[in-house]
Amino acid sequence: MNIDHDITIALTKGRILKETLPLLAAAGIEPAEDLQVSRKLIVPTSLSRVSLVILRGSDVPTYVRHGAADLGIAGKDMLLESGSAGIYEPLDLGIARCRLMTAGPAATSSGDNATRRVRVATKFVNVARAHYARKGMHADVIKLYGSMELAPLMGLADEIVDIVDTGKTLAENGMAPRELIAEVSSRLIVNKASMRTRHSSVQAVIEALSNAVNTRES
Ligand code: PRP
C-alpha cells in the first residue's frame, strides 16, 4: 500500500476490535503490539506511516471530527448519537452487527398511547430524543453510562434505548425489546479535511479496507 502521509486510525477496544483486526490485517495494517493485551494507547503498525489510537467507542467520532485522527472505526450507534458534522462515512465494514432499540419491562407494554410522555434512560440521549419526537411523544431523557437495563427495574425510567445483540442481557433482567430504532454495524469514518489534504493516503486505506470487506463477503 502506498502511504505518503502520516495517518492515524482511531479504534475502539471491546467487541468491535476483535472483528476489526482481521480486516485491518487483510488490508495490510498489522498492529506492532497485541492490542487485546497491550495497554498502549498509540500503537505503531506494520506500515511505518500508519499508527493506531485506542479510544472509548463514543470518542472515536470526536477524534475524527476534530482531525486528531484521520480515520476511525465506529459503530453506527455512536455515529447517530454524535452526528455527522466534519465526518465522511465511506464504508460499512459489516462487522459488530446489532440493533439500537427501545426496551422495557417484559411484564408491561409500552405506555406510549396512554400518556404520550415517557421517562427514558440511555447513553444515546440524542438518538432517544429524536426517536420519541418522531413518535410525537415527550421523552424525559436520563443520561446513564452503562447497565441501562437496571433503570426500569429500579424505577428510574419507563424504557431504555440501548444496543441489543443476542437479547440475553434484556431477557436476564426481565426486559423485552420494543421498537427498532436502527440496524447497527461498524463504519469506517474519515475526517473531511484529511480526505482533501491527505487524499492519496486516506484513499489507499479506504480501498484496502473495502477490498478486505469484499473478499470476506465473497
Ligand atoms: C451492550 C448493551 C447491552 C448488551 C447487549 O453492552 O449495552 O448491555 O451489550 O448485548 P446482548 O443483547 O447480547 O445481551 P456492552 O457489553 O457493549 O457494554 P457497554 O455497557 O459498555 O455498552
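How many bridges join β7 to β9, and in which sense do the two strands run? There are 3 bridges, and the strands run parallel. The model is a predicted one: local features require pLDDT of at least 70, side-chain atom pairs count only at pLDDT 80 or more, and totals for chains, interfaces and linings use all residues. Residues are numbered from 1 along each chain as its sequence is written, and side-chain values use heavy atoms, with hydrogens and water left out. Helices (H or I, at least four residues) and strands (E, at least two) are DSSP runs, numbered from the N terminus.

β7 and β9 belong to an open sheet of 5 strands with mixed pairing. The strand order is β8-β7-β9-β6-β10. β8 (138-143) and β10 (175-184) are the edge strands, each pairing on one side only. Neighbouring strands of the sheet are turned by 30° against each other on average, direction ignored. For such angles, axes are lines fitted to C-alpha atoms, for helices over the stretch in contact, and angles run from 0 to 180 degrees between N-to-C directions. Pairing requires that DSSP finds at least two bridges between two strands.

Strand β7 (residues 117-122) is joined to β8 by 6 bridges, and these strands run parallel. Val120 stands opposite Val141 in β8. Towards β9, Thr122 stands opposite Val161. β9 also pairs with strand β6 (residues 98-105), in the antiparallel sense, over 5 bridges. There, Ile160 in β9 is the bridge partner of Ala103. Strand β9 (residues 159-164) is largely enclosed by the rest of the structure, because 5 of its 6 residues are buried. Buried means under 20% relative accessible area, exposed over 50%, and partly exposed in between (1.4 Å probe, protein chains only).

β1 is mostly covered, with 6 of its 6 residues buried. Ile7, Ile9 and Leu11 point one way from the strand. Thr8, Ala10 and Thr12 point the other way. In a regular strand the side chains alternate between the two faces of the sheet. β1 pairs with strand β3 (residues 50-55) in the parallel sense over 6 bridges. Leu52 in β3 is the bridge partner of Ile9. A further 2 bridges join β1 to β4, again with the strands running parallel. Here Ala10 stands opposite Gly72.

Ala74 lies in strand β4. Its relative accessible area is 1%, so Ala74 is buried. Leaving aside neighbours within four places in sequence, Ala74 is in contact (heavy atoms within 4.5 Å) with Val60, Pro61, Leu79, Ser185, Ser186, Arg187 and Ile189. Ala74 and Val60 are 14 residues apart in sequence, and 6.2 Å apart in space, C-alpha to C-alpha.

Helix α1 (residues 15-26) has buried residues at Ile16, Leu17, Thr20, Leu21, Leu23 and Leu24. Their cover includes β1 (7-12), β4 (71-75), β11 (186-191) and α9 (199-217). Gly28 follows α1 and has a positive phi, near 90°.

At the surface, Leu150, Leu153 and Met154 form a nonpolar patch. Together these residues have about 320 Å² of accessible area, by the Shrake-Rupley method with a 1.4 Å probe and, for residues, only the protein chains shown as cover. Leu153 is placed in helix α6 (residues 150-153). Leu153 is partly exposed, with a relative accessible area of 44%.

Notes: Patches are made of residues with over 30% relative accessible area and no salt bridge: like charges are joined within 9 Å, nonpolar side chains (Val, Leu, Ile, Met, Phe, Trp, Tyr) within 5 Å. A salt bridge is a side-chain nitrogen of Lys or Arg within 4 Å of a carboxyl oxygen of Asp or Glu.
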